[in-house]
Amino acid sequence: MKNLQHNLRSSSFTLVAFLAGSFLVTPAVHAGEAIFTNTYLAETLPAGAKEVEQWVTFRTKRSQGTYQLTQTRTEFEYGVTDRWTVSLYANAYSVKAQNNNSTASRNNYTTVGDGDEVSGGGPVTAGPYVPFAELLPLPSSLYKKSDFESVSVESIYQFLSPYKDRIGLAGYVEATLGEKTEELELKLLLQKNLMEDDLILAANVAVELEREKWSGVNVDKETKLEISGGASYRFAPGWRAGLEIRNERVWEGDHTFSKSKRDYSAWFAGPSIHYAGKKFFVTAGYMQQMPWATAYSLAAKDELVDGRVYKSSERHIVRIMGGLSF
């Protein structure tokens, strides 16, 4: 019995020592890991390093009815040089929607000019990844579909390192191609480390050019300007807690920033939590659309309810990301 107790104590001590050691060897941030769920850091993988990441994003809640969208991204990332990282993504989705247009859009269906009107008006099933209502059995019918969406290629080049220079600076390019979607995204990534890297501040400025065919009728073109930022604090070895804010501005039609083509502006904010081990990380974040939206197009004004715009945006967004380096 004494030998058993001694072995148990020895095993417990070994386990505690191993876990403590795992925490102690955890660096401030692994190069390339995501400590936020929306805002990128100005960091790249070391030359020759590889990483696999899995993203799952759940979006839900419109002014009424049902809208639930789950998006997944599987990424393989490779460090070409210490300053240049390339990635390949496989993107898929699952959507469930029914009877979810606003009361105003049901009453104002005669508004025209932006391609979002519905012949006959009334209840409609609508939203990203949902076909035009007239292609459904009834305009407000339940629509459900899960499918592969697209492939994306991403390139990040670091101009300044947040660990060697006063500020981190990187450029980001991502191209996406699918049967029903084409997108080009350009980003500027900024990062500032403070308090011996315990506190990390980051900001992104992004321009997205999109062409989509989800309606099944038209090719919809959009231009987006997105500004996001976050602060993340290391409160224990390996652990970080953060806050993020994001503003999304959308223009309709041909790729332009023309005042006459403005669609809407929406704001999102929320917390994130991050843990990193020696060869892996997990990050989870929640963002809620804030009641600070501005609508410009007729369709966006109809979908502006209690300060939130639901034309192409949801109220609740949850994202979980995990990465494994090797």
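This short talk walks through one predicted protein chain, from its overall make-up to a few individual residues.

Let me begin with the ground rules. Residues are numbered from 1 along each chain as its sequence is written, and side-chain values use heavy atoms, with hydrogens and water left out.

On confidence, the chain averages a pLDDT of 89, and 86% of the residues score at least 70. Over residues 1-27, however, the pLDDT is below 50, and beyond near neighbours in sequence this stretch has 6 contacts in the model, a contact meaning heavy atoms within 4.5 Å. Residues 110-120 also stay under 50, and for them the model has 20 contacts beyond four places in sequence. Where pLDDT is low, the predicted coordinates should not be read in detail.

Turning to the overall make-up, the chain has 3 helices and 15 strands; helices (H or I, at least four residues) and strands (E, at least two) are DSSP runs, numbered from the N terminus. Of the 326 residues, 43% are buried, where buried means under 20% relative accessible area, exposed over 50%, and partly exposed in between, with a 1.4 Å probe and protein chains only. Among contacts between residues at least 6 apart in sequence, 61% join residues at least 24 apart. The chain exposes about 16,100 Å², of which carbon and sulfur atoms supply 61%; these areas come from the Shrake-Rupley method with a 1.4 Å probe, and for residues only the protein chains shown count as cover.

Which residues make up the largest nonpolar core? There are 12 in all, namely A34, Y40, A42, W55, Y89, I156, A170, Y172, L189, A276, F281 and M321. By a nonpolar core I mean a set of buried Ala, Val, Leu, Ile, Met, Phe, Trp, Tyr and Cys residues joined through side-chain atoms within 4.5 Å. If we leave aside neighbours within four places in sequence, M321 is in contact with A34, F36, T37, E53, Q54, W55, F281, V282 and T283.

Next, please look at the strands around β6. Strand β4 (residues 143-160) pairs with β5 in the antiparallel sense over 10 bridges, and here V153 stands opposite A175 in β5; two strands pair if DSSP finds at least two bridges between them. Strand β5 (residues 168-178) in turn pairs with β6, again in the antiparallel sense and over 10 bridges, and these two strands form a hairpin with 2 residues between them. Within that pairing, A170 has L189 as its bridge partner, and G171 has L188. On to β7, with which β6 pairs in the antiparallel sense over 14 bridges, L190 standing opposite A203. That hairpin has 4 residues between its strands, and M195 in the turn has a positive phi of about 55 degrees.

The covered face of β6 holds T181, E183, E185, K187, L189, Q191 and N193, whereas E182, L184, L186, L188, L190, K192 and L194 lie on the uncovered one.

Now for some residues in loops. Most residues other than glycine have a negative phi, and most peptide bonds are trans. D197, in the loop between β6 (181-194) and β7 (199-212), has a positive phi of about 75 degrees although it is not a glycine, and D197 is partly exposed at 22% relative accessible area. N99, in the loop between β3 (84-98) and α2 (103-107), has a positive phi near 50 degrees and is partly exposed at 28%.

Not counting residues up to four places away in sequence, E314 touches R59, T60, K61, R62, Y67, P128, F268 and Q289.

Key: Predicted model: local features only at pLDDT ≥ 70, side-chain atom pairs only at ≥ 80, totals over all residues. pLDDT = per-residue confidence, 0-100.
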